[in-house]
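This briefing covers how parts of one protein model pack together. Please look at the sequence and structure first.

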Amino acid sequence: MAVPTLFLFDIDGTILLTGGAGRRSFERAFTEVTGRPDALETVSFGGMTDKGIARQGLEAAGIEVTDERVEKLFEAYLKALAIELQSSKYTIMPGVHDVLAKLKGLAHTALGLGTGNLKLGAEAKLRHGKLWEHFSFGGFGCDHELRGELLRAGAVRGAQQLGVPLEACRIVVIGDTVRDVDAAKEIGAECIGVETGGVSAEDLRARGAHAVYRDLTDPRALESLLGR
């Protein structure tokens, strides 16, 4: 690929599913830290950042949002996640292994993450499926609560890795929610959508996704990723 290209993959619903381990871990964290296991009942996790989940849960429970309380929630969440992943129904999405292998071997490309997960949470989820080693950088939920800003952080790191200016790069976000599409548009990136997270192709296209596929086994998905 002649044009320097940065790939930013979402994790949950795009690369893998943890069988609800993330939500259960946050529920355990809220129970431990706030005594309110019901705090997250009205919080939708799809496309959210971990900072956003923590803040919305605290607000829903009527508890003051402080940096110290959020950090305690994150500490408890990461401990719970390590346990939950051992017994969860963990699924790697179809086509992920093949696509990552093909992208990783290309010149002038950087393969990274654009995820609302905390970096340590992302690592735990991906290591469980032996996928962490595919990614050399990323933008994470600990970078910013807003998804567009964490994608921007990841793109900056990817450009630095390639040793080129960010403005010289093609940026491709791969995700499964309308929040992925919105965030990609915020930073001027392309977004390739997949239906593996439960959002329809129609909704993803309507939001502005450049292309949408049922999953990454579709040979056209790789062609879109490569800009062909």
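Predicted model: local features only at pLDDT ≥ 70, side-chain atom pairs only at ≥ 80, totals over all residues.

Residues are numbered from 1 along each chain as its sequence is written, and side-chain values use heavy atoms, with hydrogens and water left out.

**Nonpolar cores**
- A nonpolar core is a set of buried Ala, Val, Leu, Ile, Met, Phe, Trp, Tyr and Cys residues joined through side-chain atoms within 4.5 Å; buried means under 20% relative accessible area (1.4 Å probe, protein chains only).
- The largest core holds 51 residues, and Phe9, Ile15, Leu103, Leu113 and Leu126 have the most contacts inside it.
- Helix α3 supplies the largest share of this core, 7 residues (helices are DSSP runs of H or I, at least four residues; strands are runs of E, at least two; both are numbered from the N terminus).
- A second, separate core has 21 residues, including Leu6 and Cys191.

**Helix α4**
- In α4 (residues 96-104), the buried residues are Val96, Val99, Leu100 and Leu103.
- These residues lie on the same side of α4 because they cover an arc of only 95° around the axis, taken from the directions from the helix axis to the C-beta atoms.
- They pack against β1, β3, β4 and α9, where contact means heavy atoms within 4.5 Å.

**Helices α2 and α3**
- Asp50, Lys51, Ala54 and Leu58 in α2 meet Arg69, Val70, Leu73, Phe74 and Tyr77 in α3.

How values were computed. Buried < 20%, exposed > 50% of the residue type's maximum accessible area, 1.4 Å probe, protein only.
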